[in-house]
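Q: Please take a close look at one part of this structure, describing where it sits and what surrounds it, and then follow the chain onward to the place where the two chains meet.

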Amino acid sequence: GAGVSQSPSNKVTEKGKDVELRCDPISGHTALYWYRQSLGQGLEFLIYFQGNSAPDKSGLPSDRFSAERTGGSVSTLTIQRTQQEDSAVYLCASSTYRASSGNTIYFGEGSWLTVV
Amino acid sequence: GNSVTQMEGPVTLSEEAFLTINCTYTATGYPSLFWYVQYPGEGLQLLLKATKADDKGSNKGFEATYRKETTSFHLEKGSVQVSDSAVYFCALTGSGGSNYKLTFGKGTLLTVNP
């Protein structure tokens, strides 16, 4: 597609339930990112995928969070046993991979997650 | 580690006023610098970028110059419009092994009144 596509755009879930958020990156982009945007914390890096390399998971806040990327394209972020502090906007982004000169990273519109 | 500090908002201006949003950074080596904008109800969009010292990024009347000596990347616009009302984020990607990861400032909310 023309841009990064995320679904669902809004999700309300009960505390303790699992949720899955989906991201479809820009065609041809080999790098994919998940970020979280919340009022108290600003924009936080969660995880990065690049081609077939091992992902950088250094930003995942706990082992309840996981992500996978199938076939080098679509990615799913899974949050298990959701807590109220998980309420945030989850942003997916993608870019072409160049080792220098400042990759431009393109963001989707986000998935708004509310845990009640 | 890398960090970005930008002026806290909110900033409220009248239409046609001059805008400056300050941004300073801490990073080793030669980072690339970015301004992203988030309009109400929309996702983050790249506004402009600069990848080396003294480069000027510009777009939609906005400008920012990469100043290595002061580790700054201040955003300016000579005459703001109501449609510029948004949240503005300064960000960087590091050099070397961490060049893929964006580090953001906390954002500055700009409101432009007619």
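A: A:H29 is found in the loop that runs between β3 (19–24) and β4 of chain A, strands being DSSP E runs of at least two residues, numbered from the N terminus. This is a predicted model, in which local features need pLDDT of at least 70 and side-chain atom pairs pLDDT 80 or more, while totals for chains, interfaces and linings use all residues. Residues are numbered from 1 along each chain, chains are lettered from A and ligands numbered from 1 in written order, and side-chain values use heavy atoms, without hydrogens or water.

A:H29 counts as buried because its relative accessibility is 10%, the limit being under 20% with a 1.4 Å probe and protein chains only. Beyond its neighbours within four places in sequence, A:H29 is in contact (heavy atoms within 4.5 Å) with A:R69, A:S94, A:S95, A:T96 and A:Y106. With A:S94, the side chain of A:H29 makes a polar contact to the side chain at 2.8 Å, a polar contact being a donor and acceptor pair of N or O atoms within 3.5 Å, with sequence neighbours counted only between side-chain atoms.

A hairpin of three residues joins β4(A) to β5(A), and A:S38 stands opposite A:G42 in β5(A). Strand β5(A), spanning residues 42–50, is mostly covered, since eight of its nine residues are buried.

Turning to the meeting of the chains, 21 residues of chain A and 17 residues of chain B take part in the contact. One salt bridge is counted between chain B and chain A, and A:D56 forms a salt bridge with B:K101, their closest N and O atoms being 3.5 Å apart; the rule asks for a side-chain nitrogen of Lys or Arg within 4 Å of a carboxyl oxygen of Asp or Glu. Five residue pairs across this interface are in polar contact, both residues being at pLDDT 80 or more. On the chain B side, the elements giving two or more residues are β5 (32–38), β6 (44–50), β10 (86–93) and β11 (102–104). Of that side, β5(B) supplies the largest share, four residues.

How values were computed
Buried means under 20% relative accessible area, exposed over 50%, partly exposed in between (1.4 Å probe, protein chains only). Two strands pair if DSSP finds at least two bridges between them.
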